[in-house]
Amino acid sequence: MSLYRANGKFLLTGEYLVLKGALALALPLKLGQTLSVETRHGTSLQWDAYKPDGPWFSVTLNPKNLEIIDSDDQPKAEKLRQILQAVKQLNSKAFEGNHLIFNTHLDFDPNWGLGSSSTLIANLARWANVNPYELLKMTFGGSGYDIACATVERPIYYQVKTEVPEPEVAEQRRSIEGPTPTVEPINFTPHFANHLFFVYQGQKQSSSKEIKAFLAKANPVDLQKDIDAVSEISRAVPKCQSLDEFAMLMQCHERIVSRCIGQEPVQKHFPDFEGALKSLGAWGGDFILAATEWDESQVKAYFKGKGLDVVFGYKELVLNP
């Protein structure tokens, strides 16, 4: 049996603008997803997915053409089939051989938006020996920061190089690769981590939908000042010596992105919160970061009063040796 594991993720800085070349600061998480693959005698491909509270969905496919034979969740089965077809395009021999049995185990609720898709892509890419960024591009799309987080052990700087090459170079590269990401592990161990919390807003956002909407209206020339400003914030965050300094940067970041996407900062929805709130990833439903002098019991009591029960301390989730 082969076993693979990938980390979940948070994008601390750079949401949306990372797609246009902004430097982003991303956090790998202690929660993630494992993939086990067994080979036995037989003629089918069996896929069983599990989440923390038990079975998630199950699919049986024909390994030759990846047609669905049986499933208890047809929409998920169809999406999985599309992903496996992309794997096969990148490695035509991936599903050759005997009966393949795949098992996936998520450490977190798939509705939380911590990377159920990216961890799957990262694990499958390692199993099939294909480029995870190419597989992501063929399936879910996005900047790829989540793929980078899947296999690192500490926070990273992530940036997509968007420079346009000379015409003859562009012609050579056009069909074989997209923007090239750079990944740099960094030391980010805030001494005020006990005052940082992650709060789930209760409505999972579709990253693919949000990305398409942003790219459809965003002009990279008009955004350049905002891209530069967010990149500077990303560089400044690891240097913060106080919670107040960190909170100020988060609020500044919120104002920039709010202007770019035309949505109100999340702080507007919690006007009586004593501290700074920042959206993480797609705005409107996934996790938010709370930076506050309040202790854990105060934070949990406040958000419970707002109907939000899922609250984690920074050190509970972030992977940092």
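Mentor: H2 has 13 residues, and its first and last C-alpha atoms lie 18 Å apart, close to the 18 Å expected at 1.5 Å a residue. Here the expected span is 1.5 Å times one less than the number of residues in the helix, and helices (H or I, at least four residues) and strands (E, at least two) are DSSP runs numbered from the N terminus. The model is predicted, so local features need pLDDT of at least 70 and side-chain atom pairs count only at pLDDT 80 or more, while totals for chains, interfaces and linings use all residues. Residues are numbered from 1 along each chain as its sequence is written, and side-chain values use heavy atoms, with hydrogens and water left out.

Trainee: What makes H2 mostly covered?
Mentor: Of its 13 residues, 11 are buried, where buried means under 20% relative accessible area, exposed over 50% and partly exposed in between (1.4 Å probe, protein chains only). Among the buried residues of H2 are Leu120, Ile121, Leu124 and Trp127. Just after H2, Asn129 takes a positive phi of about 60°.

Trainee: Why does Thr139 count as buried?
Mentor: Thr139, which has its place in helix H3, has 17% relative accessibility and therefore counts as buried. Leaving aside neighbours within four places in sequence, Thr139 is in contact (heavy atoms within 4.5 Å) with Lys79, Ile83, Ala86 and Ile121.

Trainee: Why are H1 and H3 called oblique to each other?
Mentor: Helix H1 (residues 74–90) and helix H3 (residues 132–139) pack at an angle of about 135°, with their axes 10 Å apart. Axes are lines fitted to C-alpha atoms, for helices over the stretch in contact, and angles run from 0 to 180 degrees between N-to-C directions. Angles under 35 degrees count as roughly parallel, over 145 as roughly antiparallel, 65 to 115 as roughly perpendicular and the rest as oblique, and H1 and H3 are therefore oblique. Where they pack, Lys79, Ile83, Ala86, Val87, Gln89 and Leu90 in H1 meet Glu134, Leu135, Met138 and Thr139 in H3.

Trainee: How do you know that the span of H1 agrees with the value for its 17 residues?
Mentor: At 1.5 Å a residue the 17 residues of H1 should span 24 Å, and the end C-alpha atoms are 25 Å apart, which agrees. Buried residues in H1 include Ala77, Leu80, Leu84 and Val87, and the buried residues of H1 pack against strand E3 (45–51), strand E4 (54–61), strand E5 (68–71), helix H2 (116–128) and H3.

Trainee: What puts the buried residues of H7 on the same side of that helix?
Mentor: The buried residues of H7 are Asp226, Ile227, Val230, Ser231, Ile233 and Ser234. They cover an arc of only 160° around the axis, which puts them on the same side of H7; the arc is that of the directions from the helix axis to the C-beta atoms. An α-helix has 3.6 residues a turn, so residues three or four places apart point the same way. The buried residues of H7 pack against strand E1 (2–13), strand E2 (24–40), strand E7 (156–161) and helix H8 (243–261).

Trainee: Why does Gly21 count as buried?
Mentor: Gly21, in the loop between E1 and E2, has 10% relative accessibility and so counts as buried. The C-alpha atoms of Gly21 and Lys161 are separated by 5.9 Å, although these residues are 140 residues apart along the chain.
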